[in-house]
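User: I am new to this structure. Please walk me through the labels used for it, and set each value against its definition.

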Amino acid sequence: MAFTLEIGKQAIEFSLPATDGKTYSLNDFKKDFLVIFFTCNHCPYVIGSDESTRKTAESFADIADFVGINSNSVNTYAEDSFDHMVTRMEENKFPWTYLHDESQAVAKSYGALRTPHFYVFDQERKLVYTGRAVDKPRVGQSPSIFDLDRTLTELKEGQAVSTPQTNPIGCNVKWDGKDHHWMPIEACDLV
């Protein structure tokens, strides 16, 4: 069985606290498409692509809900605490809901590999894309391939997703009790 949620599979339910003080579940997001991405506060790949992700979220706000989930262990990176999440959202005013997966159960159920790692679901909440948003997300890089934008454009135009899977580019998810470079052996399952 693959570690990462496979194309065509149903979105997995969750109930997680957000930086806005509310708790959200899958059913709270009602737009045609849903973008869930595993992210954090400190990763240079996340920070380097934040503004690109903001632009995508704003461009497709009419059709898609954007949900960031921080599953990183605070025991590995203290900067990934919920308090730091709240501060980050207050400072940056990102156009997405930012959820905290303290137990890491949601990251495990989705098979999150890196930060950031994107999952796009259709109207039936079936997975139609997983992987990176851009080809060069790190701080100081300029992306030239915009996979997430392409995917959402295709969906908006009623087309099939031309490239449903790419390798996410970023730091490993920081699993509790593990070295910060550790990744489950079964996680190496993407093309």
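**Labels and their cut-offs**

User: Why is Asp-147 called buried?

Analyst: Its relative accessible area is 2%. Buried means under 20%, exposed means over 50%, and partly exposed is in between (1.4 Å probe, protein chains only). A value of 2% is under 20%, so Asp-147 is buried. A word on the source: this is a predicted model, where local features need pLDDT of at least 70 and side-chain atom pairs count only at pLDDT 80 or more, while totals for chains, interfaces and linings use all residues. Residues are numbered from 1 along each chain as its sequence is written, and side-chain values use heavy atoms, leaving out hydrogens and water.

User: What makes Asp-147 and Arg-150 a salt bridge?

Analyst: The closest N and O atoms of Asp-147 and Arg-150 are 2.9 Å apart. A salt bridge needs a side-chain nitrogen of Lys or Arg within 4 Å of a carboxyl oxygen of Asp or Glu. The distance of 2.9 Å is within that limit, so the pair counts. Both residues sit in helix H4, three residues apart, so about one helical turn separates them. Helices are DSSP runs of H or I with at least four residues, strands are runs of E with at least two, and both are numbered from the N terminus.

User: How is Arg-150 classed, buried or partly exposed?

Analyst: Arg-150 has a relative accessible area of 24%.

User: Why does Glu-154 count as buried?

Analyst: Its relative accessibility is 9%. That is under 20%, so the label is buried. Glu-154 belongs to helix H4, residues 147-156. Setting aside neighbours within four places in sequence, Glu-154 contacts Gln-159, Ala-160, Val-161 and Ser-162. Contact means heavy atoms within 4.5 Å.

User: Which parts does the salt bridge of Asp-62 and Lys-156 tie together?

Analyst: The two side chains meet at 3.0 Å, N to O. Asp-62 is in the loop between helix H1 (44-59) and strand S4 (64-70), and Lys-156 is in helix H4, so the tied parts are 94 residues apart in sequence. Asp-62 has a relative accessible area of 52%, so it is exposed. Lys-156, at 44%, is partly exposed. The structure holds seven salt bridges.

User: What makes strand S7 mostly covered?

Analyst: Five of the five residues in S7 (117-121) are buried. His-117, Tyr-119 and Phe-121 cover one side, with Phe-118 and Val-120 on the other.

User: How do you know that S3 and S7 pair?

Analyst: Strands S3 (33-39) and S7 share five bridges and run antiparallel. Pairing needs at least two bridges found by DSSP, so S3 and S7 pair. S7 and S8 form a hairpin with five residues between them.

User: Why is the pair of Phe-38 and Tyr-119 called edge-to-face?

Analyst: There are eight aromatic pairs in the structure. In this one, the ring centres are 5.7 Å apart and the planes stand at 80°. Rings of Phe, Tyr and Trp (its six-membered ring) pair if their centres lie within 6.5 Å; planes under 30 degrees apart are stacked, over 60 edge-to-face, and the rest tilted. An angle of 80° is over 60, so the pair is edge-to-face. Phe-38 is in S3 and Tyr-119 in S7, so the pair ties parts 81 residues apart in sequence. Phe-38 is buried at 2%, and Tyr-119 at 0%.

User: What makes Phe-94 and Trp-96 stacked?

Analyst: Their centres are 4.5 Å apart, with 10° between the planes. That angle is under 30 degrees, so the pair is stacked. Both residues are buried. Ring pairs link Phe-37, Phe-94, Trp-96 and Phe-118 into a cluster.
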